[in-house]
Amino acid sequence: MGFIRREWTAKEADEWRKEDWFAIILSASSYVLLTIGSALSFLLLPVGFVILGIGIIITILMYWIIDPKLKTISTEYEKKQKEYLLQLEEIQKWEVEK
Amino acid sequence: MMSFILANTRIGSPVLGIILPALIFCISFLLTVYLLRHFMKQNKDH
Amino acid sequence: MVTFAFLDWLWLILYILLMVGCGALFYRLGKRSQSDFFLAGRGLPWWLPASSVYATHTATDTPIWVAGVVYKYGLSGLWYAFFAAWCAISAFVSTRIFRRSLAYSQAEWQSLRFSGLGAEMLRGWVAGWQVFMNMFILGWVGIAMGKLCNMLFGWDLWIGLVIFTSIGAIYVLMAGYWGVVMADFQQGVIALLVIIIVSIWGVMAAGGPQTIIDKLKTYNSTCEWRVPADTQDGAQGLLRISDSGTSEVLGASALPFTFSNAFDEARYVETADGVKKYVQNTHESETNSLILFPSDADVLYTGRDYTIVWKASEGKRLVNVEYSTDNGATWIMIDENHQNGQRWRINPLSFTGSFKGQFPVAWFVTMLFIALLGGFGMGTNIDWYTEAQRIQSAKSVRDASYSIWAGTALVLVRNSIWAAAILGFFILFPHLASSAEYEMGWYVVGFKYLPIGMVGFLFAGILAIHLSTVSTHINLGAMYATRDFYHHYVNPKASENRLVVVGRLSTFIILIGSFIFGTIIGEEITQWLIFALWIMAAGIWLPNILQVIWWRFNSWGYLSSWIANLGLSWLVVWILPRFGIIPELPDYMQFWLLIVLNALIYLPVTFLTKPEDMDHLVSYYVMSRPIGFWGPVRREAIKQGLL
C-alpha cells in the first residue's frame, strides 16, 4: 500500500503525518467497537462477535500503520536519551544557567 | 443486602473450589518466577 | 456474615503471601536509585506498564460504580465508564510527547514546558495537589474495602481500611515501583480471571445469555423514584404514564395510593421485595390497570426509594412518568422520555432523545468529545497523573504508546464483561430501587453463586484488585513528595541512597495520611469531593490541551486557568443557580459553560503576559516534538540548526 508510508527516516518520523491521524481515528474506533462487541459477545449474541471481530481487525490495521513509525522514533530518540537525561537533572538541581 | 447472600444458591460442584483457585495460583506463581528470573538477569550488570 | 472454612483461609493466606512476595522480591532492584524506586529504571517492556494501567484502574469500588450505572442504564451505562478512552488518542499523541520529555511526573513536566517563576509555581502546585489527591484516593479506595469487610465480616470500617492498605505498603516500602509494577502484573492476571469467572457465574445464575435476552423482552417497565421528602403526610397519590411524543395518556392509577411520613422499615422492605413479581410478570392477580405498582393498597414513605412498575405498551418506546398529589389537577414529572419495557437494556445506543431522558444524544456526544479529544492534552483526565508514571517507566517511546493503549483496551473490555453479569443480576433482582443496593450486584453474584470453597479465593481476588490500586497511589504520592518537593526544592544535591530513603519515608507518610483521610471521609464528603474533582477537570480540560498543542500558552495562562476554575465552578454549579441567575444545568452543559467562562480569563492573561523564553521552548520542542501550533518555535529551532 503506497498510500501508507512503511519506511521512515529519523526526520520524517519526528513530523506529524497522515499515518498519525489514521492511527488516532482507528484507535478511537477500535475502543468503541471493543466496548460494544465484548459486552454483546459475552451474552453470546452473533452481532457482538461481528462487532468484536471488526474491532480486532481495526486494531491490527492501526498497529500495521503506526508501528514502523514508532519504531523509527524510538530508535532515533534513544540515541539522544542520555543527553536529555543529563539536561533533565540539570534543571532538577537548578544547574541550568540563563 | 446481606439477605441476598444465601448458601443454598451456589452453582457448580464443590471440587471447582479446589481446582479453579489452584489453577490460578499455579499460573500466578509461575508468572512471578518468570518475572523475577527475567528482570534480575537483565539487571545483573547494573 | 460470610464465614470462612479452612479451605477459604488457606487460599487467602497463600494468595496474600504470593502477592506480597512478588513485589517484595524486587527489593534489590528498587533500592538502587530514585529512578529505580519510582520508574523501575525506565526499562520496562510495554506489557508491564500496560498491566499496571489495567490493574491500577481496577479497584474495589470500580465494580460498585460500574454495576450502578449498568443496572440503571443497561448497556448504555458502559458509556459512563468510557471516559478512559482518552487513551485512544493519547497513546499516539500526549503519551509520546510526555515520554520524550523524560519528566518523572506531570509536575516536573511543567518546568520543562514552561520556564521561570511561573513554571516553578506550577510545579509546586501540581506536586502539592497530587500528594493530596493520592492520599484522598487511597482513603476513598481504602474505605470501600472497609465497607466490603464490614458487609462480609462485620468488621469496623477502619479495620478493612488499615489492614489491607498496610499489606500493600509492605512491598512498596521495600521495592518501590519495581514492586508495584511486578505485583500489578501478577494481580492483574488474578483479577482478570476472577472477574471473568464471577461474571460467567452471574450470567449462568440468571439462566444463561439467551434467558437474559428473552426475559428482558418479557419484563414489565420500571422507573426508579425517590418520593420527595416534603410530600404531605397522608396525601393521596396518583401515577400517570403517557407517550412522550404524542402526550397520549397510556394509563393512570385507577385508585390513589397513600404517602406517609411514619416510616415502618419492615413494611418498606416487604413492599419493596414484593415489587419483584410485578417486574418479572409473575404476579397472580389479574388487573387491567397499566400501573402495577404502586396500587391503592400501597403506602409509600416520603424520602424513600421505590421502583414504579407498569406494563410495557407495544410500539411505545419512550414515555413520561408523572405523579399527582391533588387528584390529578396537576402533574409533576418523575422522568421524561423514559424507556418503555426492558429490552432497551441490551442496546448500548438506546438514546432517549436529543436532550431529554436519562441517555440523551447531547450527553453522549459531550462524553465522546471530552473523552477522545482529551487525549491531545495532559491531565484532561485525572488518571493521566498515574499513567504518566507508567509512560515514563517504559523502555522506549513505542513501548510507552502500546502500554497506554493496551492497558486501557483491557479496562474497557473488563467493563463490558461486568456489564453482562450485571444484566444477569438485573434479571434476578429487577426490583431494586436504591443504588446502595444494586451497585453491590457484582459482589453479591460472586459471594452468592460461586461454589463452596471459592469464597476465600474470591476475597483473595478482591484483595488483588485492592492491592494493585493502593500500591500505585502510595508510590505515586511518594514520588511527587520526593522528586518534586524534596529533591528539587529541599536538597537538589541529594545522593541516590538519600533519595531512596526519603522515598520510603514519603511512602510511609502517604500511607498514614490515607488512613486519616479514609476515616474522615463520609458519604456526603465523598460525594462533594467527587463532584469537586469532576468540576476541576471540566474547567481546565481545554487548558490541559492548550499547554501541549500551543506554544503561546504560557505558565501564567495555565496558572490563571486553575485559579479561575476553582471560583467559576462554585459559581456555575451552586451560587448562580441558587440565586436564579442561571438554571440548574445538567452536568454536560455545565462542562460547556465552564469551558467558555474559563477561557474568558486565561486567554487574556496569556496574551497580556510575555511568552515563555524562546530558547527554553526550542529546547523543549526539539526534545519532545509536540503536535499543534508550534510554528515560531520550530522556525527558531531550524534557525539554530537544531532541526
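User: How far apart do the closest C-alpha atoms of chain A and chain B lie?
Analyst: In this predicted model, they lie 16 Å apart, and no contact joins chain A and chain B.

User: Then which chains share the most contacts?
Analyst: Chains A and C do, out of two pairs of chains in contact.

User: And chains B and C: how many residues does each give to the contact?
Analyst: Chain B contributes 28 residues and chain C contributes 33 residues. On the side of chain B that touches chain C, 19 residues are nonpolar, eight are polar and one is charged.

User: Changing topic to β2 of chain C. How many bridges join β2(C) to β8?
Analyst: Six bridges join β2(C) to β8, residues 318-324 of chain C, and the two strands run antiparallel. Within this pairing, C:S242 stands opposite C:N320.

User: What about β3, which residue there faces C:I241?
Analyst: C:I241 stands opposite C:G251 in β3(C). Three bridges hold this antiparallel pair, with β3 covering residues 249-252.

User: How many residues lie between the strands in that hairpin?
Analyst: The hairpin of β2(C) and β3(C) has five residues between the strands, and C:S247 takes a positive phi near 65° there.

User: And how does β2 run relative to β4, parallel or antiparallel?
Analyst: Strand β2 (residues 236-243) and strand β4 (residues 257-260) of chain C run antiparallel, joined by two bridges. In this pair, C:G237 stands opposite C:F257.

Definitions and conventions: Residues numbered from 1 in each chain as written. Chains lettered and ligands numbered in written order. Predicted model: local features only at pLDDT ≥ 70, side-chain atom pairs only at ≥ 80, totals over all residues. Pairing = 2+ DSSP bridges. Helix = DSSP H or I, 4+ residues; strand = E, 2+ residues; numbered from the N terminus. Contact = placed C-beta atoms within 7 Å. Nonpolar A, V, L, I, M, F, W, Y, C, P; charged D, E, K, R; others polar.
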